[in-house]
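Here is a friendly note to read beside the model. Please keep the structure open and look up each residue as you go.

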Amino acid sequence: MLAVKWDEKGLVPAIIQDAASGDVLMLGYMNAESLKLTLESGHAWFWSRSRQELWHKGATSGNFLEVTDVWYDCDIDAVLVKASPKGPSCHTGERSCFYRRLTVADLA
């Protein structure tokens with residue numbers, strides 16, 4: 001049996017990648033229940049750190065993430081979820097949460 005290395009809050013970071021384009025869409029956190037639901041349902045589920053509850057991506061917006069594969073890294077402390085997005089992945093309406101480039105000038 002695989003032993004996921006959960007953090008001190010029982011979470012593992014989940015990078016969401018567009019299965020077709022390879023673009024990184026978002027970063028979420030999963031607990032054991034949301035990871036199991038993701039694998040069983042074929043839809044992305046997360047643990048909301050702010051609301052302290054399970055979160056089915058797309059349940060209110062309709063912007064579901066249909067999961068094609070779930071991979072884990074060499075240390076088993078992060079997962080990569082490859083998915084087909086059904087609408088924008090970011091709560092701002094952007095396709096990806098990573099739509100702003102960071103430069104050195106931004107740090108000043």
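The numbered points below go from the whole chain to single residues.

1. **Ground rules.** This is a predicted model, in which local features need pLDDT of at least 70, side-chain atom pairs count only at pLDDT 80 or more, and totals for chains, interfaces and linings use all residues. Residues are numbered from 1 along each chain as its sequence is written, and side-chain values use heavy atoms, with hydrogens and water left out.

2. **The fold in outline.** Helices (H or I, at least four residues) and strands (E, at least two) are DSSP runs, numbered from the N terminus.

3. **Overall size.** The radius of gyration, taken over C-alpha atoms, is compared with a globule rule of 2.2 Å times the number of residues to the power 0.38. For 108 residues a compact globule would come out near 13 Å, and the protein chain, at 14 Å, agrees with that. Its C-alpha atoms fill a box of roughly 45 × 30 × 30 Å along the principal axes.

4. **Inside and contacts.** Buried means under 20% relative accessible area, exposed over 50%, and partly exposed in between (1.4 Å probe, protein chains only). Of the 108 residues in the protein chain, 31% are buried. Contact means heavy atoms within 4.5 Å. Among contacts between residues at least 6 apart in sequence, 39% join residues at least 24 apart.

5. **The core.** A nonpolar core is a set of buried Ala, Val, Leu, Ile, Met, Phe, Trp, Tyr and Cys residues joined through side-chain atoms within 4.5 Å. Which members of the largest one touch the most other members? Of its 16 residues, they are Ala14, Ile16, Met30, Phe46, Leu65 and Val81. Strands β1 (12–18), β2 (24–30), β5 and β6 (79–85) each supply at least two residues of this core. Phe46 is worth a click: leaving out residues up to four places away in sequence, Phe46 touches Ala14, Ile16 and Met30, among others.

6. Trp47 is in strand β3, and Trp55 is in strand β4. Trp55 is partly exposed, because its relative accessible area is 28%. Beyond neighbours within four places in sequence, Trp55 is in contact with Met26, Ala44, Trp45, Phe46 and Ser48. Trp47, not counting residues up to four places away, touches residues including Leu11, Tyr29 and Gln52. The C-alpha atoms of Trp47 and Val12 are 9.6 Å apart, although 35 residues separate them along the chain.

7. **Two loop residues with positive phi.** Most residues other than glycine have a negative phi. Gln52, in the loop between β3 (45–48) and β4, has a positive phi near 55°. Gln52 is also exposed, because its relative accessible area is 52%. Ile76, in the loop between β5 and β6, has a positive phi near 60°.

8. **A loop residue to check.** Is Asn63 buried or exposed? Asn63 sits in the loop between β4 (53–56) and β5 (65–72), yet counts as buried because its relative accessibility is 16%. Setting aside neighbours within four places in sequence, Asn63 is in contact with Lys57, Gly58, Lys86, Gly87 and Pro88.
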